[in-house]
Amino acid sequence: MDRLYIVVPCYKEEEVLPETSKRLKAKLEELARTGQITPDSRVLFVDDGSTDRTWEIIAALHRQDETFSGVKLSRNRGHQNALLAGMEEAARHGDVIITMDADLQDDIDAVDRMLEKYQEGCEVVYGVRSSRAKDTFFKRFTAHGYYRFMQAMGVDIVYDHADYRLMSRRAVEALMSFSEVNLFLRGMVPLVGFKSDTVLYERGERFAGESKYPLKKMIAFALDGITSFSVKPIRLILNLGIAIFVVAAVILLYSLIRKLCGQTVSGWTSLVCSIWALGGIQLLALGVIGEYIGKIYNETKRRPRYIIETVLDDSTEDAGAIK
């Protein structure tokens, strides 16, 4: 039997944590009874610098029941960094690591099928949504467009998969060898390799609280994914520049011929449109290039992705880990 760690990143989740901990504990007990995992398996909550009672609740759960462990980051570092911090800590103690969100939208019963795939030899198992019928039209349209666009940009990404996945300890250790600061785990995990498979599940409604990913954050997350894993936007700018150069050369040749023939006519509209079009394209190109330069700037500084303030695991407390 293998020791399972379920890693749950948390940011202002005080409303949902009592129910989440209750359901996850019941699932671990069920899996232990059927012999799929060891009885000393754990749930590891990662507090991503919450300003509410999230860490207070995690610490109380740990004191009351050794099933629950906790990691507290020194400040808010974002969902992906919190997830990675929990995975690294879990890999020190567990054989199998499953990551999921705290809002109970991910189907906990899918854990059983993930473990079955793991027993069949898969070291990475992706939880994939079976449908988006419960989403609004806007959310469904933008999500499908996002995945198609990412694949068109050459990013190796699993369609309709978020961060609900199983990874073996070896797969997590391989993932930790990736040193980039700009994290996009949905694109990084497939790069690890190893045998993988998918498990379909129906995503439910959020149990309580509000989503921590409003539209603004979702757009920023999508841009991070594209600029972290694909240089196609830069190549598109190059191709656009070549096309504009060709058109400009043709217009220049046409203008010279008309000049020589004495047929020149002043064209205010075409001049203004050309200026605005070229100016807009130039600003767009500079913006895309700036995104890449910003990523390079962050990588060259080599700042830690996160700093761990406190670790609660097996009745021990450690502090000050920097990664």
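**Close-up views of a predicted model**

**View 1. Strand β3 is covered on both faces.** F68, G70 and K72 on one side of β3 are buried, and so are S69, V71 and L73 on the other.

View 2. Strand β2 (residues 42–47) runs parallel to β3, and the two pair over 5 bridges. V43 has F68 of β3 as its bridge partner. Between β2 and β3 the chain passes through helix α2 (residues 54–64), and this β-α-β crossover is right-handed. With strand β8 (residues 307–313), β3 pairs in the antiparallel sense over 4 bridges. Here K72 has T310 of β8 as its bridge partner.

**View 3. Helix α3 is largely enclosed.** The helix covers residues 79–91. Its 13 residues should span 18 Å at 1.5 Å a residue, and its end C-alpha atoms are 18 Å apart, which agrees. Of the 13 residues of α3, 13 are buried, so the rest of the structure largely encloses it.

View 4. Y306 sits in the loop between α10 (268–301) and β8. Its relative accessible area is 1%, so Y306 is buried.

**View 5. F45 and F68 form an aromatic pair.** The structure holds 2 aromatic pairs. In this one, the ring centres are 6.0 Å apart and the planes meet at 20 degrees, so the pair is stacked. F45 belongs to strand β2 and F68 to strand β3, and the pair links parts of the chain 23 residues apart. Both F45 and F68 are buried.

**View 6. Y164 and Y201 form an edge-to-face pair.** The ring centres of Y164 and Y201 are 5.1 Å apart, with 90 degrees between the planes. Y164 lies in strand β6 (residues 161–168) and Y201 in strand β7 (residues 196–201), so the pair ties together parts 37 residues apart in sequence. Y164 is buried, with a relative accessible area of 0%. Y201 is buried too, at 3% relative accessibility.

**View 7. K27 forms salt bridges with D109 and D112.** The count for the structure is 14 salt bridges. For K27 and D109, the closest N and O atoms are 3.1 Å apart. K27 is in helix α1 (residues 17–33), while D109 is in the loop between β4 (96–99) and α4 (110–119), 82 residues apart. For K27 and D112, the closest N and O atoms are 2.8 Å apart. D112 lies in helix α4 and K27 in helix α1, so this pair ties together parts 85 residues apart in sequence. K27 is buried, at 4% relative accessible area. D112 is also buried, at 16%. D109 is partly exposed, at 46%.

**View 8. D95 and R169 meet in a salt bridge.** The N to O distance is 3.3 Å. D95 lies in the loop between α3 and β4 and R169 in helix α6 (residues 169–176), so the bridge ties together parts 74 residues apart in sequence. D95 is partly exposed, at 24% relative accessibility. R169 is partly exposed as well, at 32%.

View 9. The protein chain averages a pLDDT of 78, and 68% of the residues score at least 70. Confidence is highest in strand β1 (residues 4–10), at a mean of 93, and lowest in strand β9 (residues 316–318), at 50.

How values were computed: Residues numbered from 1 in each chain as written. Predicted model: local features only at pLDDT ≥ 70, side-chain atom pairs only at ≥ 80, totals over all residues. Heavy atoms only, no water. Expected span 1.5 Å × (residues − 1). Buried < 20%, exposed > 50% of the residue type's maximum accessible area, 1.4 Å probe, protein only. Pairing = 2+ DSSP bridges. Right-handed = clockwise from strand over helix to strand, strands pointing away. Phe/Tyr/Trp six-rings, centres within 6.5 Å; stacked < 30°, edge-to-face > 60°. pLDDT = per-residue confidence, 0-100. Salt bridge = Lys/Arg side-chain N within 4 Å of Asp/Glu carboxyl O.
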